[in-house]
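Q: Can you walk me through this one? I'd like the fold first, then a few residues.

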Amino acid sequence: MGARQALTNPPEVLEFETPSTRLELLREVARISETEAGQAAQAPVLFPITLGGELVAAPGVEARTDLLQSPDAGARLQLSFDGRAGERWPQDRRESLQGLSEREAAELVARTLLDHWRINPSGVVQVDRASGAPYAVAYVDGILRINPAFLYMAAAQGPASLAGAGQ
């Protein structure tokens, strides 16, 4: 299963994959994102964002970036997870998310990516759960949509997951 296919599956499919499989999918997402970076998003891209009124692929994410280890990144951002668009963020902790809930992992990923992309919104950023979406994370019209399958990929990077991968 490739990264694009994994994103269109329910997040539970990735939750039960091995850490090494999820890490390889994350590396594939990173490679694709670096290739797509800055392109007009006329075809599907993994990280579409609105920039200067145009839909483009966001700056690439490096494979070694730990998206869950930037607690101070984006601290000035105000995020809302109220689920106004339908899907609620689960609050139960998951071992394959380094012991975080989807909602907690989504907050760390949101803050890290918005900071990496140098997006400085003036108001509250709505963070929606977009399971089955053909992208990892999208920032369009002031709304950040995160594919929860991507969270399981992102959680494969970092000290907790790497320690578990060696067992």
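A: Terms first: helices (H or I, at least four residues) and strands (E, at least two) are DSSP runs, numbered from the N terminus. Leu-7, for instance, is placed in helix H1 (residues 3-8).

Q: What ground rules apply to the model and the numbering?
A: This is a predicted model: local features need pLDDT of at least 70, side-chain atom pairs count only at pLDDT 80 or more, and totals for chains, interfaces and linings use all residues. Residues are numbered from 1 along each chain as its sequence is written, and side-chain values use heavy atoms, with hydrogens and water left out.

Q: What is the mean pLDDT of the protein?
A: The mean is 85, and 88% of the residues reach 70 or more. pLDDT is the predictor's confidence in each residue, from 0 to 100.

Q: Where does pLDDT stay under 50?
A: Over residues 160-167. The model has 9 contacts beyond four places in sequence for that stretch. Contact means heavy atoms within 4.5 Å.

Q: OK, the fold. How many helices and strands?
A: The protein has 6 helices and 6 strands. From the N terminus the order is α-α-α-β-β-β-α-β-β-β-α-α.

Q: What share of the residues is buried?
A: Buried residues are 49% of the 167. Buried means under 20% relative accessible area, exposed over 50%, partly exposed in between (1.4 Å probe, protein chains only).

Q: What is Leu-7 in contact with?
A: Beyond four places in sequence, its contacts include Leu-46, Tyr-135, Phe-150 and Met-153. Leu-7 and Phe-150 are 143 residues apart in sequence, yet 6.6 Å apart in space, C-alpha to C-alpha.

Q: Now the strands. Which strands does E4 pair with?
A: E4 (residues 125-129) and E6 (residues 143-146) pair in the parallel sense over 4 bridges. E3 also runs parallel to E4, joined by 2 bridges. Two strands pair if DSSP finds at least two bridges between them.

Q: Which residues face each other there?
A: Arg-129 stands opposite Ile-146 in E6. Leu-79 has Val-125 in E4 as its bridge partner.

Q: Is E4 enclosed or open?
A: 5 of the 5 residues of E4 are buried, so the strand is largely enclosed by the rest of the structure. Val-125, Val-127 and Arg-129 are on one side, Gln-126 and Asp-128 on the other, and both faces are covered.

Q: Why two sets?
A: In a regular strand the side chains alternate between the two faces of the sheet.

Q: What does the side chain of Gln-126 make polar contacts with?
A: It makes one with the side chain of Asp-128 at 2.9 Å. Another, of 3.3 Å, joins the side chains of Gln-126 and Asp-82. A polar contact is a pair of N or O atoms within 3.5 Å; within protein, one must be able to donate a hydrogen and the other to accept it, and residues adjacent in sequence count only if both atoms are side-chain atoms. Gln-126 counts as buried because its relative accessibility is 9%.

Q: How does E5 run against E6?
A: E5 (residues 137-140) is antiparallel to E6, with 4 bridges. Tyr-139 has Leu-144 in E6 as its bridge partner. The hairpin of E5 and E6 has 2 residues between the strands, and Asp-141 takes a positive phi near 55 degrees.

Q: Switching to H4. What covers its buried residues?
A: The cover includes helix H2 (11-15), strand E3 (79-80), E4, E5, E6 and helix H5 (148-154). Among the buried residues of H4 are Ala-105, Leu-108, Val-109 and Arg-111.

Q: What about its span?
A: The 15 residues of H4 (residues 102-116) should span 21 Å at 1.5 Å a residue, and the end C-alpha atoms are 21 Å apart, which agrees. The expected span is 1.5 Å times one less than the number of residues. Arg-118 follows H4 with a positive phi, near 60 degrees.

Q: And Glu-102, buried or exposed?
A: Glu-102 is buried, with a relative accessible area of 4%. Beyond four places in sequence, its contacts include Pro-11, Trp-89, Arg-129 and Tyr-152.
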